[in-house]
Amino acid sequence: MTAASLTLFPLLAGPARPARVSAIVSGAVYLELDPTTDDEGKHLPGAVVALLEPGAVQLPIGLTLPPGVADKVPVMVDGDPVSPGPIVFGYGAVSMAGTRLPVLRWWNPSVPKQVLPPPAPELLPTALLDSLLAEAAGPLDEGLNLLRTGDTEAAFQALIGVGPGLTPAGDDALVGALAALAAWAPRSTAHRLLADGVAGADGRTTAISAALLRSAVTGAVVPQLIRFVGALSTGDPAAIRPALDEVLPVGASSGAAMAAGAVAQLTCLIQGPRRRRAAIDATGPIGAAFVL
């Protein structure tokens, strides 16, 4: 059964649009769709979509293919991507090499609002963040410390595009910070500053990572990070440790960097010198604003 992130609903519900392969990694084929207009002249923005193998991490820009279609999926041949046929999105399905695969199941990649946990010195910011820094790849120390102390603009500049690969570790840390803000301070100045940075980040990171950052601005991330943020809300080490063990294996180093970004941002919200504590209603509007 073909399944997709709700983030892709507008794309899949729209008119047919061709896609081209941009990258192929273990478990995922990344596609790009160019901006266009529909029959009524409405602008349709460009997009990045990940075709995922069954069992792969559910990316917020992802569509999980059903078993038995491996012969339709693009592969690498002598270092170049080769597709068995055209790939087209729209009208509720993805079509690959002439085979239409309707999306029959959807998953919600959104971080729910959470109650801000009480300060927990044994977890934040010392032991947990330090262990995550040891796990994360790339020179993230400066950016994470800036997040932790509330210098959001400088943290963004220190992290964006930092590290190798399709999703640099610095970007992964920013995804973690955005997940934390989606949970505990979605209307904060910090969230606005990171969102503004992401909006102007074209050319400073990869197209794939930029797409994941744009999703994170809306609160859409991988389910392992959602569960980790939820566990942090409990303030209970017995809940946090298993959730951390689940998020760490995501990607080569992405999980550690995302977790570190979330913990650094949470540390600022709880203990930062320039914050004002606010009670966050997990189901209703925020009663007060964070000043970061």
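**View 1. Packing of helix 8 against helix 10 in the predicted model.** Helix 8 and helix 10 (residues 254-271) pack at an angle of about 30°, their axes lying 11 Å apart, where axes are lines fitted to C-alpha atoms, for helices over the stretch in contact, and angles run from 0 to 180 degrees between N-to-C directions. Helix 8 is therefore roughly parallel to helix 10, a term for angles under 35 degrees, as roughly antiparallel is for those over 145. On the helix 8 side, the contact (heavy atoms within 4.5 Å) is made by Leu225, Phe228, Val229 and Leu232, and on the helix 10 side by Met258, Ala259, Ala262, Val263 and Leu266. By class, these residues divide into nine nonpolar, no polar and no charged. Helices here are DSSP runs of H or I with at least four residues, and strands are runs of E with at least two, numbered from the N terminus.

**View 2. Packing of helix 8 against helix 9.** Helix 8 (residues 223-234) and helix 9 (residues 237-247) pack at an angle of about 160° with their axes 8 Å apart, and the two are therefore roughly antiparallel to each other. Gln224, Leu225, Arg227, Phe228, Ala231, Leu232 and Thr234 in helix 8 meet Ala239, Ile240, Ala243, Leu244, Glu246 and Val247 in helix 9. This contact of helix 8 with helix 9 has nine nonpolar, two polar and two charged residues.

**View 3. The largest nonpolar core and Tyr30.** A nonpolar core is a set of buried Ala, Val, Leu, Ile, Met, Phe, Trp, Tyr and Cys residues joined through side-chain atoms within 4.5 Å, and buried means under 20% relative accessible area with a 1.4 Å probe, protein chains only. Of the 66 residues in the largest core, Tyr30, Val111, Trp184, Val221, Leu225, Phe228 and Val229 touch the most other members. Helix 5 (residues 169-184) supplies the largest share of this core, 12 residues. Leaving out residues up to four places away in sequence, Tyr30 touches residues including Arg20, Val48, Leu59, Leu166 and Ile208. A second, separate core of 20 residues includes Leu11, Val29, Val49 and Ile87.

View 4. Apart from its neighbours within four places in sequence, Thr152 is in contact with Ala190, Leu193 and Leu194.

**Notes to all views.** Residues are numbered from 1 along each chain as its sequence is written, and side-chain values use heavy atoms, with hydrogens and water left out. In this predicted model, local features need pLDDT of at least 70 and side-chain atom pairs count only at pLDDT 80 or more, whereas totals for chains, interfaces and linings use all residues.

Terms used:
Parallel < 35°, antiparallel > 145°, perpendicular 65-115°, else oblique. Nonpolar A, V, L, I, M, F, W, Y, C, P; charged D, E, K, R; others polar. Buried < 20%, exposed > 50% of the residue type's maximum accessible area, 1.4 Å probe, protein only.
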